Amino acid sequence: MLIQIAWKNIWRNKLRSLVVILAVAIGLLSGAFLMSFSYGINQERSRNIIETKISHVQIHQPEFRLEQKANALIAEGGQATTDLLQRPEVKAVASRLLVNGMFSTTKGANGVQINGIDPEQEALVTKLPERVTHGTYFEGKKRNPILIGESLAEKIGLQRVDEAGNVSYNLRKRVVLTFQIPGGETQAAQFRIVGTFKSLNSKVDETQVYVKRSDLAALMGTGEKVHEIALILEDQEISEDSTFLQSVQATHPDLMVENWKDLAPDLKLVDESFAVSLTIFMSIIMLALLFGIVNTMFMAILERTRELGMLMSIGMNRIQVFLMIMLETIFLTLVGAPIGILTALGLISYFGNVGIDISAFAEGGAAMGVASTAYTYLEPNAYMVITVMVFITALIASIFPARRALKLNPAEAVRAI
Amino acid sequence: MNVIETRQLHKIYKGAVDVHAVNGVDLQIRQGEFTAIVGPSGSGKTTLLNIIGGLDQPTSGEVMVGGASIHTLKPNELIDFRLNNIGFVFQAYNLIPVLTAKENVEFIMLLQKRARSERDARVQELMEAVGLTDKLNNRPSQLSGGQQQRVAVARALASKPKFVLADEPTANLDSLSTSNLLDIMARLNEKENMTFVFSTHDQRVIDRARRVITLEDGQIVRDVRKEIEAVG
């Protein structure tokens, strides 16, 4: 009986109820969509950084990881790589020599990190060839080839723009890399630019250069030793499971085995704080909606003072009056909720597939590793969190009007104008 | 047997100037009486009805319904008491606008948790009594003022109360509707021996009442039974 009356009551003033219902729906839709947009950008950024730079898991000598000591090398890097590839969870492995150095040309110098890579391994782990924009990816038999980022190429004056606006690079240029070898001496060598690459992060493009590991190893005298072994796993979630990490650690007890969350704490922080962000963001929206709903219900009670007085006069008890007003408020809120959530679900799924073009902000985004297309996404449990929050909001919003109704004096209310 | 009895009933509204709305009212109303309480505005008619109906508390004195005092009841007991013993008819009809005429009459029986079959039979019986069987599924907005007040009378009787309190029930009705309503209530009074107590200014109601109690300044100044001469 109360449910039936409460449901009918919310449709008394259709326009007013629809405004509240729409406010709830739009509030939820915009909140969920904005969160999915933000989450999608962050997911994409994390994925890009993992796939193009840090991988799922990395292995280092502790002294290299913590102090960047050039002589902190993993002995028998080749064998370790082969062993790791035998594991069913491992999809690809790349071993690297890493050294900080100076990149010099006749036009100036730039501090860089020199990545000595195995081109074939790297292609599987960081998909570096896909990011080559000009020239080649270590093809041919040129001596000491080097791949540099577009930003660096531009900085050292390799970029040419013709009258039609086409960009090209002078790729025959020779550059000198100067760096310290494990023995502590400084080594300098000439390299020839064979290509440029462009990643989603302009900082990376300016500070990272790639050479063949064999070339760098010959100059450094490190043989088969490497500084870093990077792993791409069959599934990112494996890297978040301590079982796999412990298993690898057991095989290499002297090395540091870390997953992407340890390697990039900023990504971990954003990833783990997303649920908190969602709750705070949606709470603000819910608070605004709560005021609107309470105000609407107060108006409804004011208009129905005489009727409520009559109901209390003829024998409707306080609990029934309280419940009726609570149910009205809850219905009013909950009718809007599925509209908002389902619309959000549809839009998030759609834009999760086709993406939203944010190339207008590409320049700023590139500095943070953000792609020019954002794919919206929300974790399934985020919808659950939103639903629970709506329900809590409805309950809180319902208490105030229901309490107000209880304070009516039936004898006075029944004669109210 | 007295259905309603008041003993030295007083009601004082405190304020800058205290208002003695009911001032020592002693009243007995017997089963089946058709009583009008009349008097000028501010004479205490509505206050007296509110106290008798358990909607207001007296400052002092006692109200007995069916021989039992009601001012000792706790608030929740008082609500149950009203539900099961008193039918209310209000000046402004006060039907629930989102319910049909049938649902409005049935509503009070739902509060009493009566069985569906009993509710259906009682609704049919009462809607026939007030001549609105063709309006069962109409909402209040689809009924005239007179028809709404007839539904309100049916609702008041649906709970099978001991008596019906009607506060200015004809104030918003035209002559024809008033006449129809009074006919219906008089018929129910005779047929079901239902006790009706009205507060009214309306001469048409006063003319039909079999007992007329006149209040002035919260005191009964006249009590006339038409079949029997003045008793007060």
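**Helix packing and the chain contact in a predicted two-chain model**

Helix α1 (residues 2–10) of chain A crosses α14(A) in a right-handed manner. A crossing is right-handed if the near helix is turned clockwise from the far one by less than a right angle, and left-handed if anticlockwise. Helices here are DSSP runs of H or I with at least four residues, strands are runs of E with at least two, and both are numbered from the N terminus. The axes of α1(A) and α14(A) lie 8 Å apart, at an angle of about 50°. Axes are lines fitted to C-alpha atoms, for helices over the stretch in contact, and angles run from 0 to 180 degrees between N-to-C directions. α1(A) is therefore oblique to α14(A). Angles under 35 degrees count as roughly parallel, over 145 as roughly antiparallel, 65 to 115 as roughly perpendicular, and the rest as oblique. On the α1(A) side, the contact residues include A:Ile3, A:Trp7 and A:Ile10. On the α14(A) side, they include A:Leu323, A:Leu327 and A:Phe331. Two residues are in contact if their C-beta atoms, placed from the backbone, lie within 7 Å.

This is a predicted model, in which local features need pLDDT of at least 70 and side-chain atom pairs count only at pLDDT 80 or more, while totals for chains, interfaces and linings use all residues. Residues are numbered from 1 along each chain as its sequence is written, and chains are lettered from A and ligands numbered from 1 in the order in which they are written.

Stay with α14(A), residues 318–354. Helix α12 (residues 265–303) of chain A comes within 11 Å of α14(A), axis to axis, and the two cross at roughly 135°. They are therefore oblique to each other. α12(A) also passes α14(A) in a right-handed crossing. α12(A) contributes A:Ile293, A:Met297 and A:Ile301 to the contact. Among the partners on α14(A) are A:Ile325 and A:Thr329.

Now the whole of chain A. It has 17 helices and 14 strands. Its radius of gyration, taken over C-alpha atoms, is 31 Å, well over the 22 Å that the globule rule gives for 417 residues, so chain A is more spread out than a compact globule. That rule is 2.2 Å times the number of residues to the power 0.38. The C-alpha trace of chain A spans about 100 × 60 × 30 Å along its principal axes. Of its residues, 42% count as buried. Buried means 20 or more other C-beta atoms within 10 Å of the residue's own, exposed means 12 or fewer, and partly exposed lies in between, with C-beta atoms placed from the backbone.

A:Ile41 is one residue to look at. It sits in helix α2 (residues 14–54) of chain A. A:Thr373 is 332 residues from A:Ile41 in sequence, yet their C-alpha atoms are 8.3 Å apart.

Where do the chains meet? In chain A, 16 residues are in contact with 17 residues of chain B. α1, α13 (305–314) and α17 (410–413) of chain A each give two or more residues to that side. α13(A) gives the most, with five.

How confident is the model? It scores ipTM 0.86 and pTM 0.71. Chain B averages a pLDDT of 89, where pLDDT is the predictor's confidence in each residue, from 0 to 100. Residues 228–232 of chain B stay under 50.
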